[in-house]
Amino acid sequence: MSTHVGAVARRTRTISHRDIELFTEISGDRNPIHYDQDLAAQSRFGRVVVQGGVTSGLLNAVVAEDLPGPGSVFLEVSWRFLAPVGPGDEITAEVTVTGVREDKPITTLATSITNQDGVVVLDGTAVVWRDPVVADAVSTPAS
């Protein structure tokens, strides 16, 4: 995919209870809002919600796999979590290129995630650096 201002990439996935378990294994985040259905039902969310890292993690996949692509790492992110995401929700992460540096492999992105009802659950921006060695290796077929 070409990295130019206006380029867009997106990915969609359905969130599961297993996502909560896997993220807990990685992070140690055992907040009851993620596990205790009775307590979570009494919260302002009214249900179990996934950790923010599960939600924002879909942006990692879009950036690393699609746009700008392999070799990309976040330099800076500014994300606002606007609505909860829970098991069973289908979320779509989208990135739009808003700036490309001419002197370095750095791209600025508008980022958002929406749920199956079109509600924006996360929005913000990201600045990404793409390693030229990795980018060249994946764009050049092996001989």
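Biologist: How many salt bridges does the count come to?

Modeller: This is a predicted model, in which local features need pLDDT of at least 70, side-chain atom pairs count only at pLDDT 80 or more, and totals for chains, interfaces and linings use all residues. Side-chain values use heavy atoms, with hydrogens and water left out, and residues are numbered from 1 along each chain as its sequence is written. A salt bridge is a side-chain nitrogen of Lys or Arg within 4 Å of a carboxyl oxygen of Asp or Glu. By this rule the count is eight.

Biologist: Which residue forms a salt bridge with Glu-94?

Modeller: The closest N and O atoms of the pair are 2.7 Å apart. Glu-94 lies in strand β3 (residues 90-100) and its partner in strand β1 (residues 8-14), 84 residues apart; strands (E, at least two residues) are DSSP runs numbered from the N terminus, as are helices (H or I, at least four). The partner is Arg-10.

Biologist: Where is Asp-66, which pairs with Arg-11 in strand β1?

Modeller: The closest N and O atoms of Asp-66 and Arg-11 are 2.6 Å apart, in a salt bridge. The two residues are 55 apart in the chain, and Asp-66 is in the loop between α3 (52-65) and β2 (72-81).

Biologist: Is Asp-19 buried or exposed?

Modeller: Asp-19 meets Arg-13 in a salt bridge at 2.9 Å, N to O. Buried means under 20% relative accessible area, exposed over 50%, and partly exposed in between (1.4 Å probe, protein chains only). Arg-13, at 36%, is partly exposed. With a relative accessible area of 11%, Asp-19 is buried.
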